[in-house]
Structure formats: C-alpha cells, structure tokens
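Please keep the sequence and the 3D view open as you read.

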Amino acid sequence: MPKWTSNLRAQTKYGDGGTYRNRLYAALQFNTECSLYIFAQDALEGGSINKTEIIRKNEKKIFVKRKFSLPEGFQYYIDRKTQTLMSRDLGLVYVKEPIPEMKWEISEDTKSIGQYTCTKATVMFRGRKYTAWFTTEIPLPYGPWKLQGLPGLILEAYDTDKEVYFYFKSIKYPLETTTAILALDPTTEQKDWISFAEYKQGLIEAHNRAIENGRMFMEDFDAEESTGKKSMAGSYIEVFDEN
C-alpha cells in the first residue's frame with residue numbers, strides 16, 4: 001500500500017496580536033486508510049524543550065510565552081474505515097470522536113506550494129475561520145491537526161488572524177522504508193478514552209482557572225488586568241467561548 005510522509009511546521013502566535021510566536025515542527029504520515037499527525041514531540045524538535053519567557057511589553061502589559069515538547073507529543077489519528085478521530089490532546093487525555101464534518105467552501109483561487117498546484121478552501125471550525133490550500137495531485141482528504149475532508153492533501157492552513165498557522169515544508173513519496181502508522185492506544189499510559197464533550201468541558205474549565213490565576217499573576221507584577229472577558233483564542237486552537 002503506498003505511503004506518504006509530509007513535514008509541516010506548526011506555527012502558533014501568542015499575545016499582542018501575534019507579535020510573539022511559537023514554532024513547532026510536525027509530521028503527517030498517511031495512506032489510503034488512515035493518517036497520523038504529531039507535533040510538539042521531542043524527536044521532531046531535536047530534544048526536549050521546556051521554555052517559559054515573561055515579556056513585559058510596557059508597564060501595563062505582560063505576556064507569558066511557553067514552548068515545550070513531550071516524548072510522545074500531541075497526536076491526531078484519523079481512521080477512515082471506522083470514521084473515527086482519535087487524539088492525544090491537551091491535558092494528555094485520549095479523546096475519541098466521529099471524524100468532524102467540515103463544510104468547506106472551495107474557491108477558484110489557486111497557487112503553487114512547492115511542486116504542487118493548490119486550491120483555496122475556507123471553513124468555520126470550532127471557533128475559528130480557516131483558509132486551507134489543498135492539492136488534488138495527492139487525492140487524499142488529510143491535513144494538519146484535525147483539518148481534513150477536502151478532495152486533496154492540505155499543504156497550508158491558517159485562521160483569519162493567523163494565530164494558528166500550518167505550512168508545508170517537505171514531502172517524501174514513496175517512503176524508502178515501510179513505516180507502520182499505529183492507532184493511538186491509551187492503555188500504554190494506563191488511561192481510558194474520553195468523549196469530545198468531556199474534553200471540551202475540560203478545556204473550558206482549564207481556561208477559567210487560567211483567567212483566575214492570571215489575575216493573581218498580574219497582581220504580583222503590579223500590572224493592570226483587563227476587566228473584559230478573555231477569549232480562549234489566546235491560549236487554545238479550539239475556541240469554545242460562551243456567548
């Protein structure tokens with residue numbers, strides 16, 4: 001069975017309109033039946049990373065930037081046979097859900113990415129509007145992270161404010177050696193699967209705790225804290241802000 005591997009660099013911006021950025025390497029492996037996307041993994045970063053930087057932009061604004069990696073990284077496995085998305089996600093929990101339906105709007109705009117001609121598509125997905133560039137020259141419906149469902153491989157994707165940005169680096173086809181694409185197994189860490197609803201609730205609760213901790217942090221630095229409701233977009237890819 002043919003296998004591809006592609007490398008994408010995942011870029012997430014933090015703080016002050018995206019002035020401060022974290023860049024992480026990612027890898028996407030796939031065949032006709034499944035795909036596995038991994039990022040923030042020690043092996044991809046050339047070793048373990050754990051950095052926290054406190055940036056005082058001025059007397060009133062302070063930003064905390066953290067970049068870290070893990071032995072296993074964060075993983076996202078799509079099984080087309082069972083129509084299941086399995087994730088080793090934030091909080092190092094294992095989440096199982098049906099592959100999300102993404103209602104892409106495909107335009108006539110095209111551009112070249114590497115050797116491939118790509119077409120533009122847009123979609124609203126979990127609190128962000130994404131633009132994706134996909135190529136039908138690799139006619140499989142995969143992409144970075146949880147983005148999928150187009151009639152070709154996604155080589156570039158970003159949200160409206162470019163707080164989240166995935167871009168293509170290289171691709172190998174076919175692979176010189178056979179590489180197994182293994183489904184996620186929570187029992188290796190003595191864990192169980194949770195539903196997406198449970199995962200979503202956990203993110204909201206973590207966000208609310210972070211807001212409260214942030215207030216205490218700002219007080220320690222004698223800095224002014226905004227009284228407005230903070231969006232999850234500043235800390236999470238998936239945004240579940242309450243109306």
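Which residues do ring pairs link into a cluster? They are Tyr37, Phe39, Phe68, Phe74, Tyr76 and Phe166. Rings of Phe, Tyr and Trp (its six-membered ring) pair if their centres lie within 6.5 Å; planes under 30 degrees apart count as stacked, over 60 as edge-to-face and the rest as tilted.

**Before reading further**

This is a predicted model, in which local features need pLDDT of at least 70 and side-chain atom pairs count only at pLDDT 80 or more, while totals for chains, interfaces and linings use all residues. Residues are numbered from 1 along each chain as its sequence is written, and side-chain values use heavy atoms, with hydrogens and water left out.

The pLDDT, which is the predictor's confidence in each residue from 0 to 100, has a mean of 84 over the protein chain, and 79% of the residues reach 70 or more. Over residues 12–20 the pLDDT is below 50, and this stretch has 22 contacts in the model beyond near neighbours in sequence. A contact means heavy atoms within 4.5 Å. Residues 217–226 also have pLDDT under 50, with 18 contacts beyond four places in sequence. Where pLDDT is low, the predicted coordinates should not be read in detail.

**The overall picture**

The protein chain has two helices and 14 strands. Helices (H or I, at least four residues) and strands (E, at least two) are DSSP runs, numbered from the N terminus. Of the 243 residues in the protein chain, 47% are buried; buried means under 20% relative accessible area, exposed over 50%, and partly exposed in between, with a 1.4 Å probe and protein chains only. Among contacts with a separation of 6 or more, 53% come from residues 24 or more positions apart.

**Aromatic pairs**

The whole structure holds 15 aromatic pairs. Two of them are set out here.

| Pair | Centre to centre | Angle between planes | Type |
|---|---|---|---|
| Tyr37 and Phe166 | 6.3 Å | 80 degrees | edge-to-face |
| Phe125 and Trp145 | 5.8 Å | 65 degrees | edge-to-face |

Tyr37 belongs to strand S3 (residues 34–39) and Phe166 to strand S13 (residues 164–172), so their pairing ties together parts that are 129 residues apart in sequence. Tyr37 and Phe166 are both buried.

In the other pair, Phe125 comes from strand S10 (residues 116–125) and Trp145 from the loop between strand S11 (128–135) and strand S12 (153–159), so parts 20 residues apart in sequence are tied together. Phe125 is buried at 5% relative accessible area, and Trp145 is buried at 3%.

Charges also meet rings: the charged end of Arg126 sits over the ring of Phe196, 3.8 Å from its centre, and that of Lys162 sits over the ring of Tyr158, 4.9 Å from its centre. For this, NZ of Lys or CZ of Arg must be within 6 Å of the ring centre and within 35 degrees of the ring normal.

**The nonpolar cores**

Which residues touch the most other members of the largest nonpolar core? Trp145 and Leu147 do, in a core of 42 residues. Strands S2 (20–30), S3, S6 (74–79), S10, S11, S12 and S13 each give two or more residues to this core. A nonpolar core is a set of buried Ala, Val, Leu, Ile, Met, Phe, Trp, Tyr and Cys residues joined through side-chain atoms within 4.5 Å.

Leaving aside residues up to four places away in sequence, Leu147 touches Met102, Phe125, Tyr130, Tyr142, Ile154, Ala157 and Phe166. With that exclusion too, the partners of Phe125 include Pro100, Tyr130 and Lys146.

A second, separate core has 10 residues, including Ile204, Met232, Ala233 and Tyr236.

**How strands pair**

Two strands pair if DSSP finds at least two bridges between them. S3 and S6 run antiparallel and are joined by six bridges, and Ile38 has Gln75 in S6 as its bridge partner. Is S3 enclosed or open? Six of its six residues are buried, so S3 is largely enclosed by the rest of the structure. Cys34, Leu36 and Ile38 are buried on one side of S3, as are Ser35, Tyr37 and Phe39 on the other.

Strand S7 (residues 84–89) pairs with strand S8 (residues 93–98) in the antiparallel sense over six bridges, where Met86 has Lys96 as its partner in S8. Their hairpin has three residues between the strands, and Gly91 takes a positive phi near 85 degrees there. S8 also pairs with strand S14 (residues 193–194), in the parallel sense over two bridges, and Tyr94 stands opposite Trp193 in S14.
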